[in-house]
Amino acid sequence: MAENTSVVSNFIQNEINDDLKNGYYPEGVHTRFPPEPNGYLHIGHAKSICLNFGLAKNNGGICNLRFDDTNPVKEDVEYVDSIQEDIKWLGFSWDDRMFFASDYFGKLYDYAVELIKKGLAYVDDLTAEEIRSYRGTLTEPGKESPYRNRSVEENLELFQKMKAGEFGDGEKVLRAKIDMSAPNIVMRDPVIYRIAHVSHHRTGDEWCIYPMYDFAHPLSDAIEEITHSVCTLEFEDHRPFYDWLLEALGFKVGARPRQIEFARLNLTNTVTSKRKLRQLVEEGYVSGWDDPRMPTISGLRRRGYTPNSLRTFCEEIGVAKANSLVDVAMLEHCVRDDLNKNADRIMAVLHPLKVVITNYPEGQKEFMVADNNPNTSAHRYVPFSRELYIEQEDFMEDAPKKFFRLKPEGEVRLKHGYIIKCEEVIKDEAGNVVELHCTYDPESKTGGATANRKVKGTIHWVSAEDAIEAEVRLYDYLIETDENGEVPADFLAAVNKQSLEVVEHALIEPSASFTAVGTHYQFLRTGYFVVDKDTTSEKLVFNRVVGLKDSWAKAKKG
RNA sequence: AGGGGUAUCGCCAAGUUGGUAAGGCACUGGAUUCUGAAUCCAGCAUUCGUAGGUUCGAGUCCUGCUACCCCUGCCA
């Protein structure tokens with residue numbers, strides 16, 4: 001679990017403090033994360049997960065996992081497992097408190113009956129279209145249904161028959177009886193139960209009536225003795241009904257859950273709506289829900305984001321009620337920060353250029369001591385030989401003055417190795433540089449007489465005969481956004497066609513040959529990478545999590 | 001006859017009883033460096049959507065205005 005030393009205050013915590021000060025919720029803070037099992041979790045859910053579990057933890061309380069499965073036509077068990085896996089992976093535990101709103105269907109039914117008995121709910125025969133037109137508009141009040149004043153007895157009987165399956169889908173609904181002229185449309189007699197002869201992924205065919213979110217959610221919260229029911233801003237208009245329902249059923253302020261809304265996460269270069277994500281998958285823009293370019297938790301995981309980096313991110317962006325758009329650079333900063341501390345370094349050449357050290361004895365090999373991470377003493381041995389590969393980018397024939405790497409007649413340090421000098425540039429007929437002949441300074445290795453000689457640059461390399469091949473997948477933003485970071489309405493037109501670049505034959509130093517899927521590395525000077533699940537015994541596959549910050553690239557542009 | 005929200009640096013975001021604008025990201029210098037990374041140090045809102053008002057003093061209180069977001073599913 002992350003140790004977040006800086007507990008950033010947020011308005012929800014302030015509300016909790018006030019409640020506690022008022023003597024409310026003596027049992028302690030109790031939150032819940034309530035996903036609907038109808039899709040994969042994404043970075044926006046991560047914010048909610050961190051918030052709900054975090055609020056509980058920071059206040060010595062607990063957080064439940066509750067599947068909000070009140071609409072069987074949309075939901076499926078398929079998602080239940082992936083959701084649990086994602087939450088656990090993020091580092092949170094609901095212990096033995098995994099619930100389903102469907103667990104409460106019986107109790108919910110009883111509450112509905114109680115509401116009817118209090119004259120606060122009625123069975124309506126209006127069709128869906130009629131209900132819509134009776135509802136009025138944003139600026140005009142609605143009008144009452146002709147069935148609104150049925151007797152309690154009749155309502156009770158009808159509702160019982162609804163439950164018994166005596167009516168078809170859509171024939172009748174149960175509605176709360178509030179106020180058809182309320183300025184808040186949610187309060188214009190909201191539907192609380194509908195008929196759907198559909199089997200539910202958990203309750204099967206036990207029920208043919210299902211409660212609506214507005215009815216089920218507050219009561220599920222109350223049943224679980226949730227104290228703070230945190231949700232997103234679009235539910236703000238529903239809060240009056242949340243409170244109305246609980247009040248009507250006898251739950252008192254200070255002892256009943258309270259809904260608090262916060263602004264959902266928006267990220268530049270990212271889409272998070274379920275519809276859009278589904279479209280990306282179904283129309284083949286990506287390879288699946290866990291494509292490393294997807295903002296799903298499973299995509300981020302495969303991309304190489306760490307749980308810790310995601311938690312830190314959620315902590316750092318804060319929680320507020322203002323709609324905002326967070327720069328994806330913030331997310332990237334969080335993984336870099338984590339991986340900088342924790343990932344071992346290795347050398348990998350993505351676009352190889354052969355280098356022959358002409359004064360290095362043929363057939364000779366030595367093993368250079370290389371630290372795995374500058375912050376630790378762990379090290380490995382990297383083979384060095386007469387023929388090497390360096391990065392094509394690290395050589396330039398007509399180099400500008402500020403270019404600190406290899407150039408004709410120039411010197412560079414080979415990381416963990418010797419200082420070499422470029423003596424000759426070999427080209428093919430087309431004039432492309434295909435090989436470099438260099439000489440090395442035998443005393444320039446660590447501990448050698450000239451080891452402290454200053455050379456401008458240090459570059460990475462691999463030994464030609466020892467390097468192993470790997471496939472390396474380089475990712476860029478899936479969605480291109482405008483200068484404000486906004487995703488255009490036609491987001492499919494903004495899909496970045498170059499968001500995946502596959503380097504088929506990268507060369508990696510041999511120490512990485514037996515590495516497990518999910519292992520992180522920093523490829524020295526190029527970025528952070530993770531071993532992808534497509535790796536086989538024949539072929540290593542790496543995903544680039546994120547590049548290193550690159551002030552040289554920046555300088556070139558400017 | 002509409003209702004509900006939100007406005008503090010390029011981006012997030014603290015700022016609870018009015019007392020003289022935290023922090024992070026990004027960016028810019030400079031130091032350091034066998035990763036042009038990391039690290040370090042420095043800089044980065046005389047101003048809090050806007051116009052007034054109250055006050056010795058207002059981001060915080062009052063009034064008016066403006067902009068943006070959400071709401072008319074038997075979705076959540």
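Two strands are said to pair if DSSP finds at least two bridges between them; helices (H or I, at least four residues) and strands (E, at least two) are DSSP runs, numbered from the N terminus. The model is predicted, so that local features need pLDDT of at least 70 and side-chain atom pairs count only at pLDDT 80 or more, while totals for chains, interfaces and linings use all residues. Residues are numbered from 1 along each chain as its sequence is written, and side-chain values use heavy atoms, without hydrogens and water.

Strand β21 (residues 468–475) is joined by seven bridges to the antiparallel strand β22 (residues 500–508), where Ala-506 is the bridge partner of Ala-470. Four bridges connect β21 with strand β25 (residues 540–547), and these two run parallel; here Glu-471 stands opposite Val-541. Six of the eight residues of β21 are buried, that is, under 20% relative accessible area with a 1.4 Å probe and protein chains only.

Aromatic pairs, in which ring centres of Phe, Tyr or Trp (its six-membered ring) lie within 6.5 Å, number 24 in the whole structure. The centres of Phe-105 and Tyr-210 are 5.7 Å apart with planes at 70°, so this pair is edge-to-face (planes over 60 degrees apart; under 30 is stacked and the rest tilted). Because Phe-105 lies in helix α4 (residues 105–117) and Tyr-210 in strand β7 (residues 209–211), the pair ties together parts 105 residues apart in sequence. Both Phe-105 and Tyr-210 are buried. They belong to one aromatic cluster that also contains Tyr-109, Phe-159, Tyr-193, Trp-207 and Phe-215.

Notes
Chains lettered and ligands numbered in written order. Buried < 20%, exposed > 50% of the residue type's maximum accessible area, 1.4 Å probe, protein only.
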